[in-house]
Amino acid sequence: MKRRKIVTTLLSIAVFIMMLALTVCASDGDEIRKLDLNPGDIIGVSLTSRSSERWVRDAETLEAAIKDAGYEPLIQYNENNTSTQVSQIQNMVLAGAKVIIVCPYDNGSLSAVLKEARDAGVVIINYDLAVVGTGDADYFVGFNNREVGVMQANAIIEGLGLDEGAEGPFYIEMFAGSLNEANCYYYFDYAMEVLQPYFESGQLICKSGETTIEKCSIIDWDLAKLTAKVDARMTAYYSDGTHLDAVLVPSDYFSGPVAILLQGYGYGTEECPMPVITGNDCYESVCKLIANDLVYMTVLKDSTLLSDACMYIIDCLANGKEVEGLQDYQPTEDYDFTLDAYFVDMFSVTKANMEELVIDSGFYSADQIYGELTQEDFGLN
């Protein structure tokens, strides 16, 4: 009890200090926030897991951007643990963070701690994975992830030749991410919406019949669960010689593992070509698989664009300027609030345009993409 009283007192002091630091200036009825930010002030960053190449890359770009702006980055990973993330955000407030950039592990679990932080005068920037169930985020910075599913579906349509009149039928299986992530629904639902006419015409057939997000979800993005689901479907539905033609995969975190698992069933040869496998996040390893015709596509999300957007918002707040380019964003239709969102561009990458989008842009070097494949490139070590 004594320790709880000390923590409560410290939080109360933090709230008081941070509220003094925040001023709101009104102009012609519009409120423009001005945050008292000074060189050396802490900018907190709460990310999910070091096990994902994507989040490690984002951490590096955010750290560099925050330091370049003269602030002190405090970057922490919750390693897919909600309680850890809540505790880390509370500690960032106590440490004096003026802004906290939050990428949630569980999109509906941060309501109380974000309200706590905002009441303390902290500006909350929701980063890439939407926080749902609460309006206690000042800004959303990310990609319009509803378009990821559209890009993935269009890649399947293109890869199978459906856009050029191919009749099929083609056999497809679908996988989805963990349901505690809002983007999981965006990817899957919007992809299925685009593919639905081809299911109705019989040009696409899901032999397993597992076409709902609940059936396709992989809890906690667990690779062992993915392996079990792939093996179960291949054994039950494709051991009769039916060729699997396409696999809707939500993320590069799964693309490589799916490719190597399918190689175990004889795919990836001239006689038995690899299905059209989708991806997302443009892992270096997956780009190598695309170059070797083992994965069909990924989505290029340049994390430097996200860090630049975060620092643009922070700069506006520090100087009392209006943040321009914002859009109203409703994370899900179940909630009646919107966030001020700053969306950045992303691009569908296939073997046909990878050199232009990935190599010529300097995102990865030719040596990185065309180097010799290793077991690590498949994501199953």
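# Exercises on strands, helices and loops

Strand 3, helix 2 (residues 53-68) and strand 4 form a right-handed β-α-β unit. A crossover is right-handed if the path from the first strand over the helix to the second runs clockwise, with the strands pointing away from the viewer. Helices (H or I, at least four residues) and strands (E, at least two) are DSSP runs, numbered from the N terminus.

The model is predicted: local features need pLDDT of at least 70, side-chain atom pairs count only at pLDDT 80 or more, and totals for chains, interfaces and linings use all residues. Residues are numbered from 1 along each chain as its sequence is written, and side-chain values use heavy atoms, with hydrogens and water left out.

## Exercise 1

Find how strand 3 pairs with strand 4.

**Solution.** Start with the rule: two strands pair if DSSP finds at least two bridges between them. Strand 3 covers residues 42-47, and strand 4 covers residues 72-77. They run parallel, joined by 6 bridges. Last, follow the chain past strand 4. Asn80 sits in the loop between strand 4 and helix 3. Its phi is near 60°, a positive value in a residue other than glycine.

## Exercise 2

Give the strand order of the open sheet of 4 strands, and name its edges.

**Solution.** The order is 9-8-10-11, with parallel pairing. Strand 9 (204-205) and strand 11 (276-277) are the edges, as each pairs on one side only. Next, look at one pair. Strand 10 (residues 246-248) and strand 11 are parallel, with 2 bridges. Ala246 has Val276 in strand 11 as its bridge partner. Then go to strand 8 (170-174): the loop between helix 5 (146-160) and this strand holds Pro169. A cis peptide bond joins Gly168 to Pro169, with omega about 5°.

## Exercise 3

Describe how helix 2 packs on helix 11.

**Solution.** Two packed helices are described by the angle between their axes and the distance between the axes. Axes are lines fitted to C-alpha atoms, for helices over the stretch in contact, and angles run from 0 to 180 degrees between N-to-C directions. Helix 2 and helix 11 (residues 303-319) pack at about 40°, with axes 9 Å apart. Helix 2 and helix 11 are therefore oblique. (Under 35 degrees counts as roughly parallel, over 145 as roughly antiparallel, 65 to 115 as roughly perpendicular, the rest as oblique.) The crossing is right-handed: the near helix is turned clockwise from the far one by less than a right angle.

Contact means heavy atoms within 4.5 Å. (Ala, Val, Leu, Ile, Met, Phe, Trp, Tyr, Cys and Pro count as nonpolar, Asp, Glu, Lys and Arg as charged, the others, Gly among them, as polar.)

## Exercise 4

Are helix 3 and helix 4 roughly parallel or oblique to each other?

**Solution.** Helix 3 (residues 82-94) and helix 4 (residues 111-119) pack at about 5°, with axes 10 Å apart. They are therefore roughly parallel. Val86, Ile89, Gln90 and Val93 of helix 3 touch Val113, Leu114, Glu116 and Ala117 of helix 4. The contact divides into 6 nonpolar, 1 polar and 1 charged.
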